[in-house]
There are 4 protein chains.
Amino acid sequence: MRFASDNTSGAAPEIIAAILKANEGYERSYGADAAMERVTELVRDIFEAPEAEVRLVATGTAANALAIATHCPPWGGVFCQTHAHVAEDECGAPEFYSGAKLVLVPGEQGKITPATLAQALATTGESGVHGVQRGMLSLTNVTEAGTVYTPAEIAALTALAKAHHLPCHLDGARFANALVATGATPAQMTWKAGIDVLSLGGTKNGCLGVEGVVLFNPGRAWELELRRKRGGHLFSKHRFLSAQMEAYLTGGLWLRLAAQANAMGQRLVAGLRDRQAQVPEAPANMLFPEWVAGKHDRLEAAGAVYYRFPAPEGRERARLVASWSTTEGDVDRFLTAF
Amino acid sequence: MRFASDNTSGAAPEIIAAILKANEGYERSYGADAAMERVTELVRDIFEAPEAEVRLVATGTAANALAIATHCPPWGGVFCQTHAHVAEDECGAPEFYSGAKLVLVPGEQGKITPATLAQALATTGESGVHGVQRGMLSLTNVTEAGTVYTPAEIAALTALAKAHHLPCHLDGARFANALVATGATPAQMTWKAGIDVLSLGGTKNGCLGVEGVVLFNPGRAWELELRRKRGGHLFSKHRFLSAQMEAYLTGGLWLRLAAQANAMGQRLVAGLRDRQAQVPEAPANMLFPEWVAGKHDRLEAAGAVYYRFPAPEGRERARLVASWSTTEGDVDRFLTAF
Amino acid sequence: MRFASDNTSGAAPEIIAAILKANEGYERSYGADAAMERVTELVRDIFEAPEAEVRLVATGTAANALAIATHCPPWGGVFCQTHAHVAEDECGAPEFYSGAKLVLVPGEQGKITPATLAQALATTGESGVHGVQRGMLSLTNVTEAGTVYTPAEIAALTALAKAHHLPCHLDGARFANALVATGATPAQMTWKAGIDVLSLGGTKNGCLGVEGVVLFNPGRAWELELRRKRGGHLFSKHRFLSAQMEAYLTGGLWLRLAAQANAMGQRLVAGLRDRQAQVPEAPANMLFPEWVAGKHDRLEAAGAVYYRFPAPEGRERARLVASWSTTEGDVDRFLTAF
Amino acid sequence: MRFASDNTSGAAPEIIAAILKANEGYERSYGADAAMERVTELVRDIFEAPEAEVRLVATGTAANALAIATHCPPWGGVFCQTHAHVAEDECGAPEFYSGAKLVLVPGEQGKITPATLAQALATTGESGVHGVQRGMLSLTNVTEAGTVYTPAEIAALTALAKAHHLPCHLDGARFANALVATGATPAQMTWKAGIDVLSLGGTKNGCLGVEGVVLFNPGRAWELELRRKRGGHLFSKHRFLSAQMEAYLTGGLWLRLAAQANAMGQRLVAGLRDRQAQVPEAPANMLFPEWVAGKHDRLEAAGAVYYRFPAPEGRERARLVASWSTTEGDVDRFLTAF
């Protein structure tokens, strides 16, 4: 009944096993380890992108900030949804790393629409040297509201950005969950839909702490490496990052872990709707249900852990996140206590 | 025979065991885990500093850059040895995080002296608003040259800095090795010698990847937290950092690991001197020996791995680093092949 | 008929005379000129603030960016109106200098209200270390929409900010015009209303190029000086900045120049309203009138210069700015051509 | 007898006249003034560089910092002489604007030599991602020691930099004095000698406050404009910058002013040598003489103003700078008082 965040889960057994194996003997440091070569091959293969480059860091904020800084000049505006993680939950890390400015684009349920993006694009960079220039686009999938962009929706947004020659970033802290929810392939969700750089999340989905920055335009790889080092994000014992990412991407583990998280998310959605809760669209592993007041205390007393959200008089709202380690038993106990 | 760096070693069994234990069940994220409270208590106890605060990151560059940024304004000069890690091996991370400027202070064998520091202090900040101001002092112990400052030597340097009201930082990437080499207590080597903030290394000495920033002046702890987050260095599954540091500091593990590394370093020093190599002062686990030309290829053929350094005609130089996992057998095979 | 901006006017004769006089002989550089002492005395006297400090720069963007950087940490949020000059017209200078993030606060006619500010204050800094912290308040008077805050309105907003211990900045690029429009004294409009730091505009109101940063809390003066130098804004021949500001503040020149600009602004307002144009509230020297389509081309043909703004079908909008050098003849020719 | 700095002089009559003329009527702001077009044409003509771009700012520190930031990435090292103005007298402005690191290159009398530059180039950027990369070269002419590089000397240094594909900057705060001292043409001293970007000084040589950033590679002009705005250095009443620079470059005024300064400098050199002072090489308008102790007080009592420098026991040192407004009478009175 621990639904506060998927990052309150531990690491999956396969990831732990990979750490143990990686610990044997001596290994070259700072990313020159043999496992990192295998990670690159896995990424290229899985994303059908034989030229792609990937670099590893340990936090999602680092991945996002480095991805943005590598693609947007200090005088650029980064178009992102009003409540994007990069805007609200990273204490200004993207601005710190890039110098750029976030341009908040409204949209329902965590999603920018072509209309709101077009409006933001039209009103930014129109005052010559006086205002920030159009810089890049940053989307999140799964979104911060628990919804999911389809590849077609992403392509529609990146097309608007590309008309201004803007690079496009996808914050994929829950990328595997988005793939599972849509059935899209990694390639369809990224470069085939106009994404130039991906933050490929591992931590929330069963790793200890590893995220990839995947460049579909490999020309910026050296700049990314320098920015990573300069940000203090180059691990000396890098083998432990490589090992996690290798195990994560091998044999579909990442998708199996996400499938479990999503299935438990859907079990929560269905069970809560059965019990007259309102549950906005939530196709992956995160939901923001609303119900009649009085449940919070009961659920908490029963041992449930999750975030309470502000709600209208007489109502209660919550954020619930299922993870790779959530079980049917967890969900069912929660629903019983509801 | 892997002497390239102590960061080519893996993690000690006790650290791995702690990771495995920490992986059980759910835990609060972002530093609110229970183990972090125990880490704080351990640090306060070991350093005899009941008010000290500690925050964890995963790389030494992050620890140094955050420590400096939290104590030096953008217009300050950071006095450090010419070849300090912060100056040569962090790709400008301290400047990126702080905006400050490094003022390179000369000194033999990796060590600033009171004379060279006094000279640098006298010639910095004397031109009013036109030049950078005196900002802070940053020392490294074990130094980048493998030598060690005694607490008295540190105190002599910090006294000069304190006369200008400057905060003093110690880069302790190999702090445990310095303690073992000098017999000093953690308190003697830090706050009792005028150190305000310590980068407490774990990674090189048997952890996977964890470093502490220890504030002996706790008033800046919240600023440090904000800078850590803003730099992308706040781990969501922070329990894995806490677990490493807890195990590292528990029951003297950190000192036992460093003692082994130092002992193997001294075995190398003695063995090489016996074999007519010149070995400058090297009381810890890192040495820069020089010998007659012709050894490099032979040693490499025998399987030895280490860095070659430029040397005069007819001579060869090397950097050798022993680690917690170096064995007497490793050393002896190296000496035999020499 | 040049109404594009008050910065398309030249400098007033008194300012030119002061430049000529300042040019005689040799003078100490970098702000140590004798005239600067007189400027400080003038500011302290005029603002009834015997402790105030003032430093001079040449552009409004520099004044704003330095004022903000000196009062807001990199992890702070600067609360400002959505269309504030600092947000839209400085290409990110405030962020560049401070590292801080602008938090856009909505409000009609260029003005933040206590309700919108309270809302922004309530939803910023509530997520602990994850989001930017409440940093400071920045208001503009005359606002970017041509409206004016009264001292009471400013006090109501700063009181909300002060409840969170936030410093308060006033962008007074058209400060003299705001004084004239409200009849407030400089003290009433600033420190008596809770303002800690003022950008005191000179350029738009008859100077060649000079702006003051006035600190009512003088403790940050040295930091401001260092930031000014570091930003490249410390003039070597500073006497020419001092001379302008001294002449500007002497004998009420600044208020006379602003009174002329405002009077011409009001003449435009009245004349346009007489001619059935819609003119939103515009008590100073800048107005945004709307009229039936067809006027733009006629006015332009007659020699009028101003900015066209987007308008609904069948309508036209304009921004008109009167300056110290605008004459009744200019206004009347415009109205005749209308 | 005011020899403290050439920036303690006022502005030349021709510059003042140009300011007065520019003040007539209305003019477009922010660099769109007609005079700026003429400045561009003048620069292209004088430098025999029909593609060159120039942008104006008001201080030398701004010109240098913007020139460097526009040509060096944040992870680059800027090679400059140990006592370069950018290193010692700008309070970190180049680092603030660029993020880059200054690499101090030793050299006698203010001048880098091919040998010292080659050494610095060889030891920077050799540690892969761990250290800053080779970024750019920045020279000063007239140097901070009062010496002068010939075009051939500059070419020898830029050739070393160009071998690493590094852009080359010339800090020409006293560029006209260097031209006069060497007899070189503007083109010979800049792009023909491998210079890509020039800080073209006006302020010290008879202007109120104007410096040009001249780009011989015009592709970076838009970036320079954005950085200028973002730094708060774009003047609204830009006509006053243009007017100064236009007058300065018209009809050889800049060279006549510099010729007078240099002639007075040489008169000081000769007169002091006649009086047994030691005067190191000083071919332009700045000298650092040394003489037997006892003169300082006498000269000061006679009304001389200049900087005292540290000297050996029994000796005194000074910095003397002649300017466009220094007269033979000034020099002769000084020599008489000596």
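## Cis peptide bonds

In chain C, Val142(C) is found in the loop between strand E4 (133–140) and helix H7 (151–162). In this predicted model, the peptide bond that joins Asn141(C) and Val142(C) is cis, with omega at about -10 degrees.

Val142(B) has its place in the loop of chain B between strand E4 (133–140) and helix H7 (151–162).

## Positive phi angles in chain D

Two residues of chain D deserve a look for their backbone torsions. Cys91(D), although it is not a glycine, has a positive phi of about 50 degrees, and it lies in the loop between helix H4 (85–88) and helix H5 (93–98) of that chain. Because 28 C-beta neighbours fall inside 10 Å, where 20 or more are required, Cys91(D) counts as buried.

Gln109(D), which is not a glycine either, has a positive phi of about 55 degrees; its position is in the loop between strand E3 (101–105) and helix H6 (114–123) of chain D. With 15 C-beta neighbours inside 10 Å, a count that lies between the limits of 12 and 20, Gln109(D) is therefore classed as partly exposed.

## Domains of chain A

The domain assignment divides chain A into domain 1 (12–251) and domain 2 (254–337). Taken over C-alpha atoms, the centres of domain 1 and domain 2 of chain A are separated by 28 Å.

Across the boundary, 18 residues of domain 1 of chain A are in contact with 17 residues of domain 2 of chain A. On the domain 1 side of this contact, helix H8 (175–182) and helix H11 (239–249) of chain A each supply at least two residues, and the largest share, six residues, comes from H8(A). By class, the residues of domain 1 of chain A that touch domain 2 of chain A divide into 11 nonpolar, six polar and one charged.

## Relation of chains A and B

## Contact between chains B and D

The contact between chain B and chain D takes 14 residues from chain B and 14 residues from chain D. The side of chain B that touches chain D has five nonpolar, five polar and four charged residues.

## Nonpolar cores

The largest nonpolar core has 239 residues, and those with the most contacts inside it are Val214(A) and Val214(B). When neighbours within four places in sequence are left aside, Val214(A) is in contact with Val43(A), Phe47(A), Ala52(A), Val54(A), Val197(A), Leu198(A) and Leu200(A).

A second, separate core of 238 residues includes Leu249(C), together with Val142(D), Leu226(D) and Ala258(D).

Conventions. Residues numbered from 1 in each chain as written. Chains lettered and ligands numbered in written order. Predicted model: local features only at pLDDT ≥ 70, side-chain atom pairs only at ≥ 80, totals over all residues. Contact = placed C-beta atoms within 7 Å. Nonpolar A, V, L, I, M, F, W, Y, C, P; charged D, E, K, R; others polar. Helix = DSSP H or I, 4+ residues; strand = E, 2+ residues; numbered from the N terminus. Domains from an automatic or database assignment. Core = buried A, V, L, I, M, F, W, Y, C linked by C-beta atoms within 7 Å.
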